[in-house]
Amino acid sequence: MGDTYVNFFGGSPLNRLAWLRTSQPFLNAIVNAPATRWVVFKEGQPLVQSRPNGPKQPLARLSTEDVKPLLGPEPYFAQGQHEGELAPADVPVLEAARLRGNPIVFLGLHETNTTDADALPSSDFSAKTSADVVLANIKGAAYFSLDVSDVDQATLDQTLRKSSAAQDGAQLVFSEPRSATTNFDAFEAALFAEARSMTDWNARNKFCPSCGSAVYSLWAGWKLSCTSLLPWADSAGKKPCPTATGLHNFAHPRTDAVVIMAVIDESGDKILLGRNARKKWPGKFYSCLAGFIEPGETFEDAVRRELWEEAGVKVWNVRYHSTQPWPFPANLMGGFYATASSSQPLRTDLDNELEEARWYTREEILSVLHHRDGTTLQQRDHRQLFTAAEDLKAAEAKAKASGANPLAGDAVKEGEKAAVDAAAAREPTAATAPAFKMPPTTAIAGVLINEWAHGRAGFQPETPKL
């Protein structure tokens with residue numbers, strides 16, 4: 001099952017055209033293509049659109065004409081030392097460089113041919129190729145992300161009001177990211193996952209880890225380089241930055257691997273769930289246990305270690321299910337099943353990660369899954385999760401003082417309180433509420449629980465009680 005199950009946020013629909021990220025003729029031409037679309041973020045919050053009486057708020061996809069006032073002067077890529085200057089094509093440290101303007105990332109091409117990739121190789125987009133030829137060879141819509149966190153509100157509001165979507169009656173708003181994704185279809189979710197993770201990475205990393213100089217964007221947002229390496233940088237009398245030679249992983253986007261585990265007991269009819277103590281989860285919310293992979297570990301090693309550290313559980317029969325990209329900010333969740341004995345005592349006092357851990361029967365899980373509100377998180381719940389995330393990341397405040405954007409949207413804005421309070425008023429009463437809550441299937445934890453409960457995955461008894 002692991003090689004066929006596609007989780008929410010996965011199944012990337014774009015041809016990312018990684019070999020063209022250094023090609024300024026391609027990038028500067030495709031930006032202006034009529035079919036090109038932009039996904040816009042402000043402090044990590046995606047721009048969504050709604051219409052009167054519309055049931056959902058899809059991800060807003062603006063045209064280049066819509067966002068042009070926010071892009072800065074051309075060229076947008078391969079910018080030279082002075083504004084309006086195109087960088088020489090033979091200087092590696094200036095390949096698709098963006099030295100000024102709001103952060104941009106080229107996400108890829110959504111091709112009209114869904115069975116075969118039509119995109120041509122990089123040789124067809126040499127510096128000698130005209131923009132007209134480039135555009136004629138492209139079949140589909142290019143996607144970019146744009147971070148407007150540093151744009152003044154008046155300019156941003158004016159630009160959005162003039163967009164074609166707004167002129168057509170749509171309301172454009174920046175939305176708290178996790179609750180916003182509940183309205184996304186599979187295409188939008190996968191597009192959002194790539195765009196938000198890349199936007200966040202560019203926002204968080206402002207300085208070179210080797211020498212402390214400011215960094216700038218290369219490769220259409222997919223690489224960061226030290227400004228001390230620019231051809232015109234004044235480096236007289238200074239020790240060369242170590243990044244001048246070799247490959248360095250901090251120059252490229254990172255994804256942090258996490259294991260998330262559904263632990264089944266020997267009978268096959270009980271599952272171990274827990275409540276996180278540090279994240280201050282909403283009341284009666286339980287989920288699978290999870291943790292980051294540490295250096296020198298396999299996925300299976302991390303599963304065993306995390307379960308022992310968090311719940312005092314010894315497990316065996318560790319089996320892979322599937323993975324899920326998790327853009328909060330940039331994780332890859334590896335989903336696993338494991339077996340343990342429910343007769344052994346649980347301990348949450350080893351690393352104090354959990355407030356509580358307990359075994360639930362299949363009947364208890366199914367009753368919550370069948371409840372209308374059993375896997376539904378209200379806006380207030382999302383706000384509580386994000387507020388807790390801010391507390392956990394307090395150490396990153398130092399980065400903010402130095403110009404970085406540490407939380408990159410993981411906070412809920414004060415302006416959303418009215419919506420949160422209204423949602424709270426609609427919550428079920430104690431008499432009608434589920435016994436407890438679990439994650440929805442848009443999260444891999446919800447998938448692992450749901451698949452086991454319905455007898456489709458994980459260790460099962462010979463005759464599951466479905």
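**Close-up 1. Trp 219 in the loop between β7 and β8.** In this predicted model, Trp 219 sits in the loop that runs between β7 (215–218) and β8 (223–226). Its phi is near 55°, which is a positive value in a residue other than glycine. Most residues other than glycine have a negative phi. With a relative accessible area of 24%, Trp 219 is partly exposed.

Close-up 2. Glu 74 and Pro 75 are joined by a cis peptide bond, for which omega is about 0°. Ala 78 has a phi near 60°, again a positive value in a residue other than glycine. Is Ala 78 buried or exposed? Ala 78 is buried, and its relative accessible area is 3%.

**Close-up 3. The cis bond between Phe 328 and Pro 329.** Pro 329 is found in the loop between β12 (316–326) and β13 (331–340). The peptide bond that leads from Phe 328 to Pro 329 is cis, and its omega is near 5°. Most peptide bonds are trans.

**Close-up 4. Cysteine pairs without a disulfide.** A disulfide is a covalent bond between the sulfur atoms of two cysteines. Here a pair of cysteine sulfur atoms would have to lie within 2.5 Å to be counted, and by this rule the count comes to zero disulfides. The cysteine sulfur closest to that of Cys 226 belongs to Cys 211 and is 3.4 Å away, which is too far for a bond. For Cys 241, the closest cysteine sulfur is that of Cys 208, at 3.6 Å, and this too is too far for a bond. Cys 226 is buried, with a relative accessible area of 3%, and Cys 241 also counts as buried, at 6% relative accessibility.

**Close-up 5. The buried face of helix α4.** In helix α4, which spans residues 153–161, the residues Leu 156, Thr 159 and Leu 160 are buried. Why can these buried residues be said to line one face of the helix? Seen down the axis of α4, they fall within an arc of 95°, so they line one face. Ala 154 and Arg 161, on the other side of α4, are exposed. The cover over the buried residues of α4 includes the strands β1 (37–42), β2 (45–50), β3 (62–63) and β6 (171–174), together with the helices α2 and α5 (164–167).

Close-up 6. The buried residues in α9 are Arg 362, Ile 365, Leu 366, Val 368 and Leu 369. Viewed down the axis of α9, these buried residues fall within an arc of 160°, so they line one face of the helix. Among the elements that cover them are β10 (270–276), β14 (354–361) and α13. The axes of α9 (residues 362–369) and α13 (residues 444–453) come within 10 Å and cross at roughly 120°, and the crossing is left-handed. Where the helices meet, Arg 362, Ile 365, Leu 366 and Leu 369 of α9 are in contact with Ile 449, Asn 450, Trp 452 and Ala 453 of α13. Sorted by class, this contact of α9 with α13 has six nonpolar residues, one polar residue and one charged residue.

Note on methods. Residues are numbered from 1 along each chain as its sequence is written. This is a predicted model: local features need pLDDT of at least 70, side-chain atom pairs count only at pLDDT 80 or more; totals for chains, interfaces and linings use all residues. Side-chain values use heavy atoms; hydrogens and water are left out. Helices (H or I, at least four residues) and strands (E, at least two) are DSSP runs, numbered from the N terminus. Buried means under 20% relative accessible area, exposed over 50%, partly exposed in between (1.4 Å probe, protein chains only). Axes are lines fitted to C-alpha atoms, for helices over the stretch in contact, and angles run from 0 to 180 degrees between N-to-C directions. A crossing is left-handed if the near helix is turned anticlockwise from the far one by less than a right angle, and right-handed if clockwise. Contact means heavy atoms within 4.5 Å. Ala, Val, Leu, Ile, Met, Phe, Trp, Tyr, Cys and Pro count as nonpolar, Asp, Glu, Lys and Arg as charged, and the others, Gly among them, as polar. The arc is that of the directions from the helix axis to the C-beta atoms.
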